[in-house]
Each structure stands twice: as C-alpha cells, then as structure tokens.
Amino acid sequence: TMTASIAGFTFEDILLNAAGVYCQTTEELDQILTAPGAGSLVTKSATPAERAGNPGVRYADMPLGSINSMGLPNLSLDYYLDYAIAHQDEKPLFLSIAGLTKADNLQMLHEIQDSDFNGLVELNLSCPNVPGKPQTGYDFDTTRQILEETFAFFKKPLGVKLPPYFDIAHFDMIAAVLNDFPLAFVNTINSIGNGLMVDPETDTAMIAPKGGFGGLGGAIAKPTALANVRGLRQRLNAGIKVIGTGGVQNGRDVYDLVLCGADLVSVGTTLHQEGPEVFNRLKAELAEQMKLKGYDDVNQFRSALQTL
Ligand code: ORO
C-alpha cells in the first residue's frame with residue numbers, strides 16, 4: 001500500500017502537486033483532483049485579494065530543473081476556499097495561503113477558521129519572489145510570532161511550507177520554533193530562492209522579474225530537499241508529519257524522499273513539464289522500486305535511510 005495519514009486524514013496515494021504548479025484555476029485543480037495516482041491537491045498560495053503576479057517571462061525550464069519568479073499570481077483566498085469546500089468530501093485537500101504581511105495571514109486564517117473548510121491549511125512562509133518581501137521562514141523570531149498569534153485562535157489542521165535551510169544550526173533553530181506548536185505537518189522545500197540563469201544565445205537572464213533572480217526547482221533541488229526532509233524529520237516532534245518536495249523526476253526520487261522521512265511527496269517542476277499524467281507514472285515507478293527492495297508498503301522504509 002501507498003497510503004499516509006496526517007491529522008486524522010488518510011491519503012490513498014502519497015503524491016500531490018507542489019503548491020503553485022497546476023493549481024491556479026478550477027480547470028487545473030479539477031485535473032489534479034481526478035488524476036490517477038494523485039492522493040491530494042494543494043491550491044495555489046492565496047492572498048486576500050486576487051493578484052496578477054510579476055510581469056514578463058516568469059518561468060523557464062533549464063537543464064537541471066526550472067527557475068521561476070511568478071510573484072504569487074492567484075485568484076484570491078475566497079476563490080480557493082470555495083473550491084476546497086466544494087470538493088473536500090472527495091479527497092483530503094490542502095489550502096495554501098501566502099499573505100504578504102502577518103496581518104494578511106491572520107485575516108485569512110480567521111476567514112478559514114470561520115468557514116466550512118475542514119481540510120488542511122498550508123501556511124507558505126517561503127515565497128522568494130515578491131519584490132521587497134523577505135522569506136519569513138528565514139526569520140526565526142517572526143516565524144514564532146506568526147505561529148503564536150495563529151494558534152491562539154486557529155483550531156484546524158495547519159502546516160507550514162518552509163524554505164530550504166543550508167546550515168545545521170538553522171535546522172536546529174527552525175525545529176526549535178516549530179516544536180513549540182501543534183503543527184500537523186511541515187512541507188519542505190519551497191524553491192531554492194534567488195538563483196540566476198543565463199540564456200547563452202542572448203546573454204540575458206532567463207526570466208524578467210527581479211533582474212532575473214528566481215526560485216530554483218527540479219533536479220537541481222533534490223539533494224537540498226532530501227537534506228531538509230531528513231534534517232527536519234530527525235528534529236521535529238513525531239506528531240509533525242513531513243511533506244517532501246523537491247527534485248522528483250522518477251519513482252526513485254519519490255522513494256528517496258520517503259526514505260529520508262517524507263509522509264507525502266509533492267511534485268512541481270516535473271508536473272509543470274509533463275502535466276497530471278505524471279502522478280500515475282511516478283506511482284508505477286515507485287511500486288517498481290519498492291518491489292526491487294522487497295517492500296509492499298511505504299511504511300516499511302519511511303525514514304529508514306542508512307548512514308555510513
Ligand atoms: N514561487 C515559488 O517558487 N514559491 C512560492 O512559494 C511562490 C512562488 C511564486 O508565486 O512566485
């Protein structure tokens with residue numbers, strides 16, 4: 001079996017889209033919702049009002065993955081909340097929010113708390129692409145402050161989407177903050193913020209916003225994703241589940257994230273490149289990898305990474 005559970009919800013498959021990819025419109029969301037092999041979906045990170053996002057070319061594929069600076073284009077919290085409430089009986093769903101200020105986040109969380117939504121909320125503390133707005137997840141005091149104010153009133157299952165960390169001291173510091181709260185999950189990693197890629201034909205940056213700086217995803221992100229999944233799984237309270245995101249191209253990549261501690265695995269760049277058929281391909285390839293190792297249940301090797 002390939003099931004997982006978070007906050008009392010059972011997921012019939014461990015794969016889903018990464019927030020932002022293939023989840024901005026009802027048409028896209030419907031396709032993820034019904035895609036064979038997808039156990040859930042997460043909606044595009046919402047702001048209180050609709051946003052157009054950054055202007056110009058804002059996504060590019062590159063040899064080892066992708067670079068994006070979308071700037072949180074989305075159809076508003078109300079749009080995704082309505083969608084999620086309409087479909088929450090079909091699968092357990094994640095509603096992602098990414099306020100540009102603490103006040104926006106708290107306002108949206110109040111609206112969700114007061115709504116009929118009964119799924120999971122993913123608070124995105126890690127968007128690298130809004131000009132002038134730092135990634136909250138790199139500010140440990142502000143992260144604690146937001147969670148303190150949130151859990152004072154928010155009673156539905158909540159997790160956070162984290163930026164990648166690159167220092168063992170930072171794994172320790174973020175885990176110490178997160179372990180003080182009744183979080184249902186963490187999702188790690190968001191894109192590797194503020195990379196830069198050059199088009200050799202024209203000597204220009206590959207994307208337009210922010211002078212070409214954007215978040216890196218895809219194959220290039222895999223080792224960082226594995227390290228963050230593993231580093232956080234080793235440090236977080238057992239009750240905080242881990243969604244692993246970053247660098248999934250094939251079934252072995254899914255397997256590796258589970259081996260490092262992921263309960264669910266989400267797919268961004270490869271979903272963008274292949275569309276929702278990717279889930280069934282990855283599910284079949286994961287089953288193949290498991291068979292090679294003599295496993296028939298993801299629970300048999302979750303967090304079972306060996307070290308030398
Ligand atoms: N892009 C990312 O890579 N991560 C986010 O959280 C948000 C965006 C975006 O909308 O630019």
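Predicted model: local features only at pLDDT ≥ 70, side-chain atom pairs only at ≥ 80, totals over all residues.
Seven strands make up an open sheet with parallel pairing, and their order is β3-β15-β14-β9-β8-β7-β6. What stands at the edges of this sheet? Strands β3 and β6 (residues 94-97) do, and each has a single partner strand, so one side of each is left without a neighbour in the sheet. Neighbouring strands are turned by 25 degrees against each other on average, if direction is ignored.

Now find β15, which covers residues 264-267. On one side, β15 pairs in the parallel sense with β3 (residues 15-17) over 3 bridges, and here L16 has S266 as its bridge partner. Strand β14 (residues 241-245) also runs parallel to β15 and is joined to it by 3 bridges; in this pairing, G244 has V265 as its bridge partner. To get from β14 to β15, the chain passes through helix α7 (residues 251-259), and this β-α-β crossover is right-handed.

Which way do the side chains of β15 point? In a regular strand, side chains alternate between the two faces of the sheet. In β15, L264 and S266 point one way, while V265 and V267 point the other way. Are these residues buried or exposed? All four of them, L264, V265, S266 and V267, are buried.

Further along the sheet, β7 (residues 120-124) and β8 (residues 158-162) form a parallel pair over 4 bridges. Helix α6 (residues 222-235) touches β8, β9 (residues 185-188) and β14, and its direction makes about 175 degrees with that of β14. Helix α9 (residues 278-292) touches β3 and β15, and its direction makes about 155 degrees with that of β3.

Finally, turn to a pair of helices, α4 (residues 140-151) and α5 (residues 168-178). Two packed helices are described by the angle between their axes and the distance between the axes. For α4 and α5, the axes come within 9 Å and cross at roughly 15 degrees. Angles under 35 degrees count as roughly parallel, and α4 and α5 are therefore roughly parallel to each other. Their crossing is right-handed. Where they meet, α4 contributes F140, T143, R144 and L147, and α5 contributes H170, M173, I174, A176, V177 and L178.

Notes. Residues numbered from 1 in each chain as written. Heavy atoms only, no water. Buried < 20%, exposed > 50% of the residue type's maximum accessible area, 1.4 Å probe, protein only. Helix = DSSP H or I, 4+ residues; strand = E, 2+ residues; numbered from the N terminus. Pairing = 2+ DSSP bridges. Right-handed = clockwise from strand over helix to strand, strands pointing away. Axes fitted to C-alpha atoms, helices over the stretch in contact; angles between N-to-C directions. Parallel < 35°, antiparallel > 145°, perpendicular 65-115°, else oblique. Left-handed = near helix turned anticlockwise from the far one by under 90°. Contact = heavy atoms within 4.5 Å.
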